[in-house]
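Please study the sequence and the three-dimensional model shown below. The paragraphs after it lead through selected parts of both chains.

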Amino acid sequence: MIELRELTKRYGGRVAVDALSVQVRPGVVTGFLGPNGSGKSTTMRMILGLDAPDHGEALIDGVRYAQLTRPLRTVGALLDAGAFHPGRSGRAHLAALAASNDIPAARVGEVLRVVGLSGAGDRRAGTYSLGMRQRLGVAVALLGDPGVLLLDEPVNGLDPEGIRWIRDLLRGLAAEGRTVFVSSHLIAEMALTAERLVVIGQGRLLAETTVAGLAAGHDSLEDAFFRLTSQATDYRGTGVS
Amino acid sequence: MRLAARMEWIKLRSVRSTWWLAIGAVVAMAAAGAGVGLGYRSHTPVATAAQIFNNSLGGAVLAQLLLSALGVLMVTGEYGSGTIRSTLAAVPRRRTVLAAKTLVCGGFALTVGLVASFAGYLSGQLAIRGTAIPAAGLGDPGILQAVVLTGVYLGATALIGVGLGAVVRHSGAAIGTLFGLMFVPMIAAGLFGESGITIGRFLPLLMLLNSIAVTKPVPGLFTGWVSVLLMAGYATVILLSGGVVLRRRDA
Ligand SMILES: Nc1ncnc2c1ncn2[C@@H]1O[C@H](COP(=O)(O)OP(=O)(O)OP(=O)(O)O)[C@@H](O)[C@H]1O
Ligand SMILES: [Mg+2]
């Protein structure tokens with residue numbers, strides 16, 4: 001269970017996350033939607049204690065991230081794809097993280113197998129494709145067999161098979177009673193993966209609902225999303241004239 | 001802390017740059033030692049033991065740059081690649097992370113520094129074998145101390161690198177700052193001529209060449225032990241600053 005209480009973050013004068021209060025429950029996949037720059041990644045960093053909130057707090061099973069003793073065994077996170085030292089092998093990256101949280105070294109081989117990187121684990125991460133780095137990131141998230149999973153755009157860069165794999169993986173993890181919080185831009189994909197949705201715009205909560213609830217009364221989920229976020233989109237392209 | 005140190009050790013040994021820099025430091029000192037020895041072989045008048053010894057440790061000037069870069073990269077390499085977020089998510093106590101890096105880097109760089117220092121000394125001595133130049137034995141006054149203190153000095157420069165990396169975060173900027181700190185004050189002190197020594201004796205490079213890596217300190221400088229303690233003090237101050245910055249800033 002993840003609980004955000006009036007979580008607020010400012011960068012300079014700009015508010016990136018604005019008094020966001022949300023509960024993310026276990027047992028279902030919760031999608032985290034919002035236009036570019038709406039504060040999804042910032043929220044995730046604050047949950048992990050990487051960025052300090054200016055106001056409010058983020059709690060995991062009732063405590064702050066920094067208070068967890070072996071955090072990787074409680075929370076698994078995938079932030080940005082490719083956040084690996086290019087000269088270090090995927091296996092060594094995982095082994096280092098496993099050591100830090102007293103996770104048995106055998107688990108490294110296991111998660112590499114789960115994400116389909118057994119054959120590439122000993123190669124330097126700098127030689128991985130985008131999809132392979134994304135898979136290694138998922139392996140990191142799964143490493144401590146955590147009850148809470150936090151994934152920032154996990155399908156970015158994955159091939160269709162990989163996208164389906166992530167979908168089944170996340171749904172399976174949620175079905176085991178875990179809390180799964182996953183951000184994405186792909187609304188159609190979220191409709192297939194998530195049961196609940198948290199939608200934000202300009203850092204503020206716009207909706208906390210089910211997929212069916214959001215789509216109700218609209219032609220499509222996409223339409224519903226655009227209607228909801230139309231007043232809260234910072235970066236919007238225009239046609240070429 | 002023990003677990004965090006294990007993580008740092010796995011990370012340190014699993015990138016090639018670590019080994020290149022370590023080997024580079026040893027080779028630099030061995031080569032300088034051999035070069036000095038060979039250069040003096042046919043020198044007239046016959047070189048003294050102190051001349052050979054002091055100069056044979058001169059490779060430490062290059063070795064310190066390599067090992068301090070190693071220390072810098074242990075921190076900035078993580079910021080550059082984004083790995084720092086994984087690290088801090090795994091060990092949210094940031095001072096523990098920095099302490100673990102300090103321990104692992106310090107232990108590794110001290111070992112490498114000692115090996116390099118002995119390599120410089122031994123290759124210098126090997127290169128003058130069979131000549132009239134008197135050998136400097138480890139039992140002779142000041143010799144063992146100078147070799148060991150040079151190794152410790154090299155370990156301290158790596159820790160200064162770690163601290164500076166935590167403060168500056170960017171590889172290029174941190175290494176640039178570090179090299180600047182090594183050389184610029186030294187040149188500045190040189191401008192003051194004789195009186196420059198009152199400041200000069202506090203400067204790492206001058207301490208290395210005139211107080212630490214020599215049989216007898218140049219007059220006006222601190223003893224080798226005091227100089228090395230000063231280096232350890234510098235490393236402590238910058239590591240503590242790094243700890244403050246690491247705790248305060250967003251990752
Ligand atoms: N380190 C930072 N310094 C300054 N501003 C930042 C920083 N990180 C994020 N921001 C700003 O905060 C806002 C939210 O950014 P964030 O990355 O959280 O959005 P996002 O929802 O993840 O966007 P996207 O969908 O594009 O990934 C943006 O306006 C961004 O410019
Ligand atoms: Mg984002």
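Helix α1 of chain A, which spans residues 40-47, is mostly covered, since 7 of its 8 residues are buried. Here a helix is a DSSP run of H or I with at least four residues, a strand is a run of E with at least two, and both are numbered from the N terminus. Buried means a relative accessible area under 20%, exposed means over 50%, and partly exposed lies in between, with a 1.4 Å probe and protein chains only. The buried residues of α1(A) are Lys40(A), Thr42(A), Thr43(A), Met44(A), Arg45(A), Met46(A) and Ile47(A). After α1(A) comes Gly49(A), whose phi is positive, near 75 degrees.

The model is predicted: local features need pLDDT of at least 70, side-chain atom pairs count only at pLDDT 80 or more, and totals for chains, interfaces and linings use all residues. Residues are numbered from 1 along each chain as its sequence is written, chains are lettered from A and ligands numbered from 1 in the order in which they are written, and side-chain values use heavy atoms, with hydrogens and water left out.

For chain A, an unreviewed UniProt entry lists residues 2-227 as "domain: ABC transporter". UniProt positions are given in the numbering used here, feature names are shortened, and annotations may be inferred rather than shown by experiment. The span 2-227 of chain A is 34% helix and 26% strand, and its end C-alpha atoms lie 27 Å apart.

Within chain A, strand β1 (residues 2-11) contains Glu6(A). Phi of Glu6(A) is near 50 degrees, which is a positive value in a residue other than glycine. Most residues other than glycine have a negative phi, and most peptide bonds are trans. Glu6(A) has a relative accessible area of 42% and is therefore partly exposed.

Chain B has 11 helices and 0 strands. The radius of gyration of chain B is 19 Å, close to the 18 Å that the globule rule gives for 251 residues, so chain B is as compact as a globular protein of that length. This radius is taken over C-alpha atoms, and the globule rule is 2.2 Å times the number of residues to the power 0.38. Along the principal axes, the C-alpha atoms of chain B fill a box of roughly 65 × 40 × 30 Å. Of the 251 residues of chain B, 52% count as buried. Among contacts in chain B with a separation of 6 or more, 78% come from residues 24 or more positions apart; a contact means heavy atoms within 4.5 Å.

Which residues does Thr18(B) touch, not counting residues up to four places away in sequence? Thr18(B) is part of helix α2 of chain B, and its partners are Leu12(B), Leu70(B) and Phe108(B). At 3% relative accessibility, Thr18(B) counts as buried.

Two loops of chain B also deserve attention. Pro45(B) is in the loop between α2 (16-41) and α3 (49-56) of chain B, and the peptide bond from Thr44(B) to Pro45(B) is cis, with omega near -5 degrees. Arg169(B) is in the loop between α7 (143-168) and α8 (171-191) of chain B. Phi of Arg169(B) is near 75 degrees, a positive value in a residue other than glycine. With a relative accessible area of 17%, Arg169(B) is buried.
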